Amino acid sequence: LSSLSSAMLPANTRLVISIDLSGKKDVLDFAEQFQWNFGEKRIIAHSERLGLKAHVLAAGDLVIEYGSIIMLEDDLVVSPYFYRFSAEALEFYKNDGNIAGISLYTHQTNFNTRFPFIPLVDGSDVYFLQFASSWGQAWTKEQWSGFRRWYEQDDQTFESSNGLPANVNHWPSTSWLKSYSKYVVKEGKYFVYPRVSLTTNFGDVGTHLGVQETLFQVPMLCMERQFRFQHFDASLCRYDAHFELEPSVFKKLQPKLESFVFDVSLSLTKTPDQIKAPHVLASITSAHAPLMFAMELKPIEANIICNIGGTAISMMTREEYGVQLGAAYRRHTFFEYYYRMPKLKELLFLFVSKMKRPFARIFL
């Protein structure tokens with residue numbers, strides 16, 4: 001709320017605070033005492049315990065009343081320019097049927113692998129990801145209504161063939177993000193993501209997080225700028241739910257791939273039944289591959305785009321991928337690619353530092 005009050009907002013900006021029933025009155029008291037100087041403040045205090053999923057769905061339905069909304073969960077902080085980005089993005093993409101929503105948060109980590117995610121640079125301020133956003137998002141009435149119609153008809157079962165990463169399919173049933181992302185994949189839609197984030201997540205301890213987590217904190221925009229939006233069809237930065245660059249984009253950037261019909265699994269998070277094409281571009285060495293590339297440049301896609309010779313990435317058959325996947329994945333290989341391996345003395349120092357903490361508590 002403090003960061004909202006410090007943001008660049010137009011006059012008559014409505015604030016709706018939606019509070020789930022917790023059995024405690026302190027949150028409601030705080031909301032009632034909070035001074036909002038930009039327009040109407042409305043408090044919705046639910047009389048029954050909804051839980052995360054039902055609460056988000058109820059809050060999202062407010063878009064029917066207001067026409068468009070920005071939704072922010074309580075563990076976020078916003079950039080001063082979050083509102084302008086949201087308003088301009090909603091206007092720019094309002095008639096694009098490919099778009100299922102606008103994200104205010106940007107990923108710097110692939111949450112499927114917990115390794116860095118580095119989108120290609122195409123001169124615009126956005127990229128497209130076939131996964132919904134939950135750390136600050138905006139919808140038009142049409143975008144949200146499309147999801148709600150689908151949600152009421154879907155059986156809400158989650159299996160590997162739905163195109164979502166395996167870890168997402170195993171998220172609890174209380175996750176609304178899981179359902180929205182299934183909708184995005186099944187309907188062939190995307191979220192628009194900013195390259196510089198307009199929100200970040202504190203990673204506070206709570207219902208779904210047992211310890212303080214800073215992995216998903218990202219830098220936010222702190223200076224005003226003119227946003228450069230890109231039309232979906234013209235973008236070279238389109239990623240699927242596994243954070244993999246789409247084959248059609250690869251073909252535009254690397255002519256050697258034009259004759260192949262293939263899927264992409266550079267992070268090796270796709271199960272064999274998720275590979276539908278006869279070939280797959282994967283981070284596996286294959287003795288029979290017609291094309292192979294190194295794994296030296298960053299982002300990983302640059303090795304293919306720049307035709308860097310090597311054996312770490314192969315264009316292999318779907319059958320070979322299924323056979324080799326289990327034996328091929330070595331987390332330390334990706335660790336060595338993304339990070340400098342620590343020296344022995346650094347590991348010893350880290351170990352001793354960690355061990356000293358419990359002893360310090362005991363003796364102090």
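Buried means under 20% relative accessible area, exposed over 50%, and partly exposed in between, with a 1.4 Å probe and protein chains only. The model is predicted, so local features need pLDDT of at least 70 and side-chain atom pairs count only at pLDDT 80 or more, while totals for chains, interfaces and linings use all residues. Residues are numbered from 1 along each chain as its sequence is written, and side-chain values use heavy atoms, with hydrogens and water left out.

View 1. Cysteine 306 is partly exposed, with a relative accessible area of 46%, whereas cysteine 237 is buried at 1%. For cysteine 306 the closest cysteine sulfur belongs to cysteine 237, at 14 Å, which is too far for a bond. With a disulfide taken as a pair of cysteine sulfur atoms within 2.5 Å, the count is 0.

**View 2. Helix α5.** Helices (H or I, at least four residues) and strands (E, at least two) are DSSP runs, numbered from the N terminus. Helix α5, residues 82-93, has 12 residues and reaches 16 Å from its first C-alpha to its last. This is close to the expected 16 Å, the expected span being 1.5 Å times one less than the number of residues. Its buried residues are Phe82, Arg84, Phe85, Ser86, Ala89, Leu90 and Tyr93.

**View 3. The open sheet β13-β14-β16-β15.** The 4 strands of this open sheet have mixed pairing, where two strands pair if DSSP finds at least two bridges between them. β13 (262-265) and β15 (292-293) are the edge strands, each pairing on one side only. β15 pairs with β16 (residues 313-317) in the antiparallel sense over 2 bridges. Phenylalanine 293 has isoleucine 313 of β16 as its bridge partner.

**View 4. Glutamate 159 in a loop.** Glutamate 159 lies in the loop between α6 (141-153) and α7 (166-169). Its relative accessibility is 32%, so glutamate 159 counts as partly exposed. Histidine 170 is 11 residues apart from glutamate 159 along the chain, and their C-alpha atoms are separated by 9.0 Å.

**View 5. The cavity.** On a 1 Å grid over the protein atoms alone, a cavity is a set of points where a 1.4 Å probe fits but cannot get out, and lining residues have an atom within 4 Å of a point. The whole structure holds 1 cavity of 30 Å³ or more. The largest cavity has a volume of about 200 Å³, a volume being the space filled by probe spheres set on the points. Of its 17 lining residues, Asn110, Pro116, Ser267, Ile300 and Tyr338 are the closest to its centre. β7 (115-116) and α12 (331-338) are the elements that give two or more residues to this lining.

Conventions
On a 1 Å grid over the protein atoms alone, a cavity is a set of points where a 1.4 Å probe fits but cannot get out, and a pocket is an open set with protein on both sides within 12 Å along at least five of seven lines; lining residues have an atom within 4 Å of a point.
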